[in-house]
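Let's work through a few exercises together, one step at a time. Keep the sequence and the 3D view open as you go.

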Amino acid sequence: MCGRYAASRRPEDLAGIFEIEKWEPEETLDADYNVAPTKEVHAVLSRPLKDADDPRPVRQLRTLKWGLVPSWSKTPEGGARMINARAETVHEKPSYRRAFAARRCILPADGYYEWVTGKQERDLEVEGKKKRPRKQPYFVTPADGSVFAMAGLYEFWRDRTLPDDHPLAWWVTCSVITTEAETTPLAVAPEQGPHSLAEIHPRMPLMLTPDRWDAWLDPSRTDPEDLRGLLAPPPPGLMRAYPVTTAVSNVRNNGSELLKELAAPEEGTLF
């Protein structure tokens with residue numbers, strides 16, 4: 001699952017990391033240490049430029065809304081619930097299969113937040129029998145400090161209640177693809193707490209290593225069976241996790257202090 005993440009890198013830094021050819025300064029977003037569903041986020045994608053004579057796909061940094069609204073939806077209300085798409089079924093689900101075939105993106109992040117629960121509660125959540133209560137938040141991030149490149153999808157939705165020339169007539173929304181969490185040991189684990197991502201939560205965002213970026217963003221690759229090969233989890237042992245303040249549980253809190261590592265879980269939030 002991915003329900004909250006941090007994204008603090010500047011657009012000019014992202015442009016260098018992802019070899020961006022086009023980005024609009026007016027779409028620049030401030031650093032966000034508590035990205036929540038329905039917020040605007042930066043996304044890397046490849047598609048021809050609008051109104052350009054050259055049909056060549058151009059790698060762009062765009063601002064999208066997190067929470068995918070399928071093109072066939074009558075209203076956008078369901079977007080807040082469609083923040084994640086499962087890697088195992090993304091190729092066949094009606095809400096995601098068209099975007100998977102033609103509109104893939106990368107959502108750059110510093111890492112993501114997840115809240116630890118006991119094993120029995122996690123098992124019930126997997127079975128859909130119980131909503132997981134929030135407990136001690138952990139921040140999961142690449143151990144080497146590199147960008148956390150989350151596999152994503154994006155979609156266009158037309159608001160038919162507005163005229164064609166209205167600036168909000170078109171919505172561009174996105175979803176994060178998730179996969180089974182790693183059961184192998186973390187590269188760096190806290191002294192007190194989980195020693196694998198699976199001990200934190202059964203799901204995790206699908207991280208794309210740099211060798212997969214070009215293939216994932218290539219709009220000419222449209223065969224679902226071919227694309228499914230890109231959904232394999234990254235090599236194990238790339239991630240670290242550490243406890244952070246429970247202040248991150250409130251989306252109104254937003255600052256670099258949310259990423260500060262705690263020496264131990266906060267009182268009352270035992271692993």
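**Exercise 1.** Find how strand 1 and strand 8 run relative to each other, and name the partner of Tyr5.

*Solution.* Start with strand 1 (residues 5-7) and strand 8 (residues 111-115): they run antiparallel and are joined by 2 bridges. Next, pick out Tyr5, whose bridge partner in strand 8 is Tyr112. A word on terms: strands here are DSSP runs (E, at least two residues), numbered from the N terminus, and two strands pair if DSSP finds at least two bridges between them.

Before going on, note that this is a predicted model, where local features need pLDDT of at least 70, side-chain atom pairs count only at pLDDT 80 or more, and totals for chains, interfaces and linings use all residues. Residues are numbered from 1 along each chain as its sequence is written, and side-chain values use heavy atoms, with hydrogens and water left out.

**Exercise 2.** Work out the strand order of the open sheet of 5 strands, and say which strands stand at its edges.

*Solution.* Read the order as 3-1-8-9-13, with antiparallel pairing. Strand 3 (32-35) and strand 13 (239-243) each have a single partner strand, so one side of each has no neighbour in the sheet. Direction ignored, neighbouring strands of this sheet are turned by 25° against each other on average (axes are lines fitted to C-alpha atoms, and angles run from 0 to 180 degrees between N-to-C directions).

**Exercise 3.** Which strands pair with strand 5, and in which sense?

*Solution.* Take the partners one by one.

- Strand 2 (residues 22-23) pairs with strand 5 in the parallel sense over 2 bridges, and Lys22 has Gln60 as its bridge partner.
- Strand 11 (residues 170-180) pairs with strand 5 in the parallel sense over 2 bridges, and here Trp66 stands opposite Cys174.

Finally, check burial: 7 of the 9 residues of strand 5 (residues 58-66) are buried, meaning under 20% relative accessible area with a 1.4 Å probe, protein chains only.

**Exercise 4.** Which element gives the largest share of the lining of the largest pocket?

*Solution.* First, the space in the largest pocket is about 920 Å³. Of its 25 lining residues, the closest to the centre are Glu27, Arg62, Thr63, Trp170 and Val172. Strand 2, strand 4, strand 5 and strand 11 are the elements giving two or more residues to this lining. The largest share, 6 residues, belongs to strand 5. A pocket is an open set of points on a 1 Å grid over the protein atoms alone, with protein on both sides within 12 Å along at least five of seven lines; lining residues have an atom within 4 Å of a point.

Notes
Buried means under 20% relative accessible area, exposed over 50%, partly exposed in between (1.4 Å probe, protein chains only). Helices (H or I, at least four residues) and strands (E, at least two) are DSSP runs, numbered from the N terminus. On a 1 Å grid over the protein atoms alone, a cavity is a set of points where a 1.4 Å probe fits but cannot get out, and a pocket is an open set with protein on both sides within 12 Å along at least five of seven lines; lining residues have an atom within 4 Å of a point. Grid points are joined across faces, edges and corners, and a volume is the space filled by probe spheres set on the points.
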